[in-house]
Amino acid sequence: MQLSPRLGIAILMGVGVSFASNHLAARIAFDHGASVAAAVSVRAACTALTLILMMRLQGVRLAIPRGLRAGSVLAGMLIATQSYCLYSAVARIPPALALLVFQTSPMLYVLLSWAMRKEAPRWSALAPMLLGLAGLALALDLRAEHLQARWSEIGAGVLWAFASGASMAVVYYLNTHVLRALDGRVRTFAMTAVTAALVIAGGAAAHAIVFPREAAGWAGLAGLTVFYCIAIISLFFVLPRLPSTTTAALNIEPIALLLLAWLILGHTVTPLQIAGAFLTVGAIVWLGVSKR
């Protein structure tokens, strides 16, 4: 069942807000002793268990056709890569900057879909997508001269974030064009279960799974797990039902994080950042109302 682009964009914006809340909670968990491996393994395992319970209650059979098993495992491996890379970026650079770099993933997904001839190019969508990225740069107060001066400080984090975005672009593609025949719950379970198994095994072998030292860290770990579970289940349910260009609505994620950081952490927000936020939201609305 296809969804209208406008409804899809509204859902994806909600997903973006949930992901932003997840990243804010993750930073709190990291600041209080949690490791990246602990955060990724807990959120993936809890999401997989939630989906198992959901499918059992709803009578959904957990069965993956032989021809789709390799794609499911690959998607799970890529989510493990994406999760570890993004949390590694968040642990090194401001979360908003990490998310800006990660937001290249929707555009990479669109270009991949066009290159593989899974969708006809929709060139009119490029303008609002690029405008949205420009708005993000303003909202996050990222200027070229500042980035050049700080590259030695933030370069590693930026590269982790870009690797995360590239991995997620391929996950979007696999969900929409390779694994589409699978029920969304089965598809998401397979990916998160593979992710949990890989990260738990690798983290345990490297003694990298470290849990928080304080109550605030445990609250952050619980928060990132709940918000991630909601966001990832919703994302992979809706993704195959929408054109690839609508994923630009996920650009709301760093804007939501900026607002949450202002409300919860007391970060200051300048008029230029507010203007950038409106520009990004306007670009998403433009994409939603434009003709295909």
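Gln82 is a residue of helix α3, which covers residues 66-92; helices here are DSSP runs of H or I with at least four residues, numbered from the N terminus. The model is a predicted one, in which local features need pLDDT of at least 70 and side-chain atom pairs count only at pLDDT 80 or more, while totals for chains, interfaces and linings use all residues. Residues are numbered from 1 along each chain as its sequence is written, and side-chain values use heavy atoms, with hydrogens and water left out.

With a relative accessible area of 6%, Gln82 is buried; the term buried stands for under 20% relative accessible area, exposed for over 50%, and partly exposed for values in between, with a 1.4 Å probe and protein chains only. Once neighbours within four places in sequence are set aside, Gln82 is in contact with Arg43, Phe102, Ser164, Ser167 and Met168, contact meaning heavy atoms within 4.5 Å. Tyr173 stands 91 residues from Gln82 in sequence, and the C-alpha atoms of the two are 14 Å apart in space.

His23 belongs to helix α1 and, at 2% relative accessibility, counts as buried. Apart from residues up to four places away in sequence, His23 touches Leu86, Tyr87, Leu99 and Glu253. Ala190, in helix α8 (residues 184-205), is likewise buried, with a relative accessible area of 8%. Beyond its neighbours within four places in sequence, Ala190 is in contact with Ile64 and Ser72. Ser72 is 118 residues from Ala190 along the chain, yet their C-alpha atoms are separated by 6.2 Å.

Helix lengths can be checked against an expected span, defined as 1.5 Å times one less than the number of residues. Just after α1, Gly33 adopts a positive phi of about 105°. The 23 residues of α2 should span 33 Å, and again the end C-alpha atoms agree, being 33 Å apart. A glycine with positive phi also comes just after α2, where Gly59 has a value of about 70°.

Helix α2 (residues 36-58) also packs with helix α9 (residues 215-238): their axes come within 9 Å and cross at roughly 50°. Axes are lines fitted to C-alpha atoms, for helices over the stretch in contact, and angles run from 0 to 180 degrees between N-to-C directions. The two helices are therefore oblique to each other, since angles under 35 degrees count as roughly parallel, over 145 as roughly antiparallel, 65 to 115 as roughly perpendicular and the rest as oblique. On the α2 side, the contact is made by Ala38, Ala39, Val42, Arg43, Cys46, Thr47, Thr50, Leu51 and Met54, and on the α9 side by Leu221, Leu224, Thr225, Tyr228, Cys229, Ile232 and Ile233. These residues divide into 12 nonpolar, 3 polar and 1 charged; Ala, Val, Leu, Ile, Met, Phe, Trp, Tyr, Cys and Pro count as nonpolar, Asp, Glu, Lys and Arg as charged, and the others, Gly among them, as polar.

Positive phi values are found outside glycine too. Arg117, in the loop between α5 (104-115) and α6 (126-139), has a phi near 60° and is exposed, with a relative accessible area of 76%. His207, in the loop between α8 and α9, has a positive phi of about 55° although it is not a glycine. His207 is exposed as well, at a relative accessible area of 71%.
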